[in-house]
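Biologist: I would like to learn how to read a helical model. Please take me through it feature by feature.

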Amino acid sequence: MKGGGKKMTDVETKQLFEKTVEEYSDMITGLCLVRLGNRHDAEDCYQTVFLKLFRNKEMLYEEPEYLKSWLIRVAINECKNRFRFLSRHKTEPLSFADDCSIEIEDRSLLDSVMTLPEKYREVIYLFYYAGYSVLELATILDSKENTIKSRLKRGRKMLKELLTDKIDEEVII
């Protein structure tokens, strides 16, 4: 635990919370976008994740990698909860690419990633966009390393087929 056991003031805790939100904001938003497919639901989950962090301020003093893993686990669980809610209530899906702040060149690739089944989409995002290793993903997602490797391999294969089809369509046009 950081802080050497010293009790932090409310101001110091608030500053640490704000720094943490700033540092992990993009990663959590991206993960929620990948899991849910639209910005509005992702923002709801994002807010819930950081509200839970605010309520569990002691997490702010954990090691950065532990805190990051905790945030990802909370985000995944919140996305599952939101997905359950959405599956019970009719909604109109919004375009993912229009809402996303990712560079235009990367949108085509991200659009293709978004068409993958969730279990492949999630590991592809966390591996390539968030920079986690296979071992870290296995821990975070509570899966075996070989399961993560298989999902990455299958996800890459599906992505390659999707992108090859897109290129072939563009050449024909």
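**Reading helix 2 and beyond**

Modeller: Start with helix 2, residues 39-55: its 17 residues reach 24 Å from first C-alpha to last, close to the 24 Å expected at 1.5 Å a residue. The expected span is 1.5 Å times one less than the number of residues. Helices (H or I, at least four residues) and strands (E, at least two) are DSSP runs, numbered from the N terminus. This is a predicted model: local features need pLDDT of at least 70, side-chain atom pairs count only at pLDDT 80 or more, and totals for chains, interfaces and linings use all residues. Residues are numbered from 1 along each chain as its sequence is written, and side-chain values use heavy atoms, with hydrogens and water left out.

Biologist: Which residues of helix 2 are buried?

Modeller: Buried means under 20% relative accessible area, exposed over 50%, partly exposed in between (1.4 Å probe, protein chains only). In helix 2, Asp 41, Ala 42, Cys 45, Tyr 46, Val 49, Phe 50 and Leu 53 are buried. Down the helix axis these buried residues fall within an arc of 165°, so they line one face of helix 2. The arc is taken from the directions from the helix axis to the C-beta atoms.

Biologist: Why does such spacing point one way?

Modeller: An α-helix has 3.6 residues a turn, so residues three or four places apart point the same way. The face of helix 2 turned away from the buried side carries the exposed residues Gln 47 and Arg 55.

Biologist: What does the whole chain look like?

Modeller: The chain has 8 helices and 0 strands. Of its 173 residues, 38% count as buried. A contact means heavy atoms within 4.5 Å. Among contacts with a separation of 6 or more, 66% join residues 24 or more positions apart.

Biologist: Now a single side chain. What does Thr 13 touch?

Modeller: Thr 13 sits in helix 1, residues 10-36. Its relative accessibility is 9%, so Thr 13 counts as buried. Leaving out residues up to four places away in sequence, Thr 13 touches Met 8, Lys 57, Leu 60 and Tyr 61. A polar contact is a pair of N or O atoms within 3.5 Å; within protein, one must be able to donate a hydrogen and the other to accept it, and residues adjacent in sequence count only if both atoms are side-chain atoms. The side chains of Thr 13 and Tyr 61 make one at 2.6 Å.

Biologist: Is Leu 141 buried or exposed?

Modeller: Leu 141 lies in the loop between helix 7 (134-140) and helix 8 (145-172). It counts as buried because its relative accessibility is 11%. Its contacts, not counting residues up to four places away in sequence, are Arg 73, Ile 76, Glu 122, Val 123, Leu 126 and Ile 148. Glu 122, Val 123 and Leu 126 are among the buried residues of helix 6. The C-alpha atoms of Leu 141 and Val 123 are separated by 8.9 Å, at 18 residues apart along the chain.

Biologist: And Asp 142: buried or exposed?

Modeller: Asp 142 lies in that loop between helix 7 and helix 8. At 69% relative accessibility, Asp 142 counts as exposed. Its phi is near 55°, a positive value in a residue other than glycine.
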